[in-house]
Amino acid sequence: MKCVRCKKKAVIVLRRHNAAFCADCFLHYYKNQVLKNIRKNRMFEKGEKVLAVVSGGKDSMALWDILVKEGYNVVAMYINLGIGEYSNRSQEVVEKFAKENNLPLIVKDIKKEFGLDIYKLSKTLRRSPCSVCGSIKRYLFNKVAYDGGFSAVATGHNLDDEAATLFGNVLSWEEGYLARQGPVLPQTHPKLIKKVKPLYTLTERENMYYVLLNKIEFLHEECPHSVGARSILYKELLNKLEEESPGTKQRFLSGFLKKGKKHFQDVREKLELKECKNCGQVTTTEECSFCRFVKICNQQ
Ligand code: FES
Ligand code: ZN
């Protein structure tokens with residue numbers, strides 16, 4: 001098969017676009033998608049400070065690399081969540097990339113810095129480690145972004161992630177989540193920094209190609225807690241549909257963003273936002289969950 005752009009031998013076939021590309025033209029396509037997503041959704045401008053959340057996996061490594069290459073003012077942030085060897089290996093990958101390319105990187109270690117232990121919290125609060133971990137990550141990304149004067153927090157969510165999340169939210173008609181799902185989560189409070197997903201139209205497979213073609217090292221394993229997660233089942237189901245009918249995921253997501261999302265706008269939760277009495281970060285209770293976590297883990 002030939003590249004649709006330059007007619008050289010193709011190395012990747014994108015069935016949903018009815019296209020095939022050689023390595024150079026694939027990278028051209030990839031870059032254009034990211035730039036279009038950023039501009040079309042007004043995620044951030046060239047000079048603005050962007051905090052890129054990195055985990056060492058292919059998606060966030062691709063995000064970090066493309067933002068740097070395209071000249072955005074990007075600082076990466078990595079959080080060591082104390083998930084055994086998985087966390088140590090992912091930290092190594094991220095630190096090595098920053099060092100080799102001379103890039104700014106902020107590293108937070110929840111155990112060393114705050115005494116936090118997601119397993120202890122999970123047991124005490126009877127919540128899954130993933131849900132505790134999610135709260136901690138959201139808090140720290142926002143806090144670092146706010147304290148550092150960043151305009152946006154960018155994550156490596158891809159088309160597969162977004163379609164699976166949408167699928168799950170539709171199955172249980174989570175109106176509040178549906179109202180908020182999208183490539184940009186706007187700032188609803190001066191202390192809540194805008195969240196953006198520049199890779200939301202690119203698939204896992206395309207991110208994988210991007211890192212392989214650019215010889216970027218990444219951690220192949222997923223977080224051990226993701227095994228058996230609902231989102232993985234949803235991804236498998238969507239992959240089957242995609243196999244039969246290429247473009248399903250993209251149609252599902254873009255159709256929702258264009259035609260479906262607006263019907264949920266007035267169900268946006270009208271939660272009263274307050275500032276935590278300890279740390280000043282935004283919360284809906286007197287004290288934010290992060291501050292409560294720190295207390296739980298540090299009391300004997
Ligand atoms: Fe948070 Fe897996 S990354 S529990
Ligand atoms: Zn707090």
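Which residues are linked with Arg-89 in a network of salt bridges? I looked this up first: Glu-85, Arg-89 and Glu-221 form the network.

**Ground rules**

I am working from a predicted model, in which local features need pLDDT of at least 70, side-chain atom pairs count only at pLDDT 80 or more, and totals for chains, interfaces and linings use all residues. Residues are numbered from 1 along each chain as its sequence is written, chains are lettered from A and ligands numbered from 1 in the order written, and side-chain values use heavy atoms, with hydrogens and water left out.

**Salt bridges**

I counted a salt bridge when a side-chain nitrogen of Lys or Arg is within 4 Å of a carboxyl oxygen of Asp or Glu. Side chains of opposite charge can pair when their charged atoms come close. The structure holds 18 salt bridges.

I then went back to the pair Glu-221 and Arg-89. Their side chains meet at 2.7 Å, N to O. Glu-221 sits in the loop between α9 (204-213) and α10 (230-244), while Arg-89 sits in helix α3 (residues 84-101). The two are 132 residues apart, and the pair links distant parts of the chain. I took helices (H or I, at least four residues) and strands (E, at least two) as DSSP runs, numbered from the N terminus.

For accessibility I used these classes: buried is under 20% relative accessible area, exposed is over 50%, and partly exposed is in between (1.4 Å probe, protein chains only). Glu-221 is partly exposed at 33%. Arg-89 is partly exposed too, at 32%.

Next I checked Lys-249 and Asp-160. Their side chains form a salt bridge at 2.6 Å, N to O. Lys-249 is in helix α11 and Asp-160 in helix α7 (residues 159-171), so the bridge ties together parts that are 89 residues apart in sequence. Is Lys-249 buried or exposed? Lys-249 is buried, because its relative accessible area is 6%. Asp-160 is buried as well, at 7%.

Lys-191 lies in the loop between β7 (184-185) and β8 (194-196), and Glu-275 lies in strand β9 (residues 274-275). This pair therefore ties together parts 84 residues apart in sequence. Lys-191 is buried at 16%, whereas Glu-275 is partly exposed at 43%.

**Positive patch**

Lys-36, Lys-40, Lys-258, Lys-259 and Lys-262 form a positive surface patch. Helices α1 (23-40) and α11 (248-260) each give two or more residues to the patch. Patch residues have over 30% relative accessible area and no salt bridge; like charges are joined within 9 Å, and nonpolar side chains (Val, Leu, Ile, Met, Phe, Trp, Tyr) within 5 Å. The place of a Lys charge is taken as NZ. I checked one member, Lys-259, which is found in helix α11. Lys-259 counts as exposed because its relative accessibility is 59%.

**Record entries**

An unreviewed entry gives "domain: tRNA(Ile)-lysidine/2-thiocytidine synthase N-terminal" for residues 50-221. In the model, the end C-alpha atoms of residues 50-221 lie 27 Å apart. The span is 53% helix and 15% strand.

Which cysteines does UniProt list for "binding site"? The unreviewed entry lists Cys-276, Cys-279, Cys-288 and Cys-291. They are spread over 16 residues of sequence but cluster in space, with a largest C-alpha distance of 8.4 Å. I placed Cys-276 in the loop between β9 and β10 (282-283). Cys-276 is buried, with a relative accessible area of 4%.

I noted two positive phi values. Trp-173 has a phi of about 45 degrees although it is not a glycine. Trp-173 lies in the loop between α7 and α8 (175-180) and is exposed at 56%. Lys-215, also not a glycine, has a positive phi of about 55 degrees. I found Lys-215 in the loop between α9 and α10. Lys-215 is exposed at 74%.

Last, I looked at Gln-91 in helix α3. Gln-91 is buried at 16%. How many residues apart in sequence are Gln-91 and Asn-73? They are 18 residues apart in sequence and 22 Å apart in space, C-alpha to C-alpha.

Key. Areas by Shrake-Rupley, 256 points an atom, 1.4 Å probe, with all protein chains shown as cover. Lys, Arg positive; Asp, Glu negative; His and termini not counted. UniProt positions renumbered as here; feature names shortened; annotations may be inferred.
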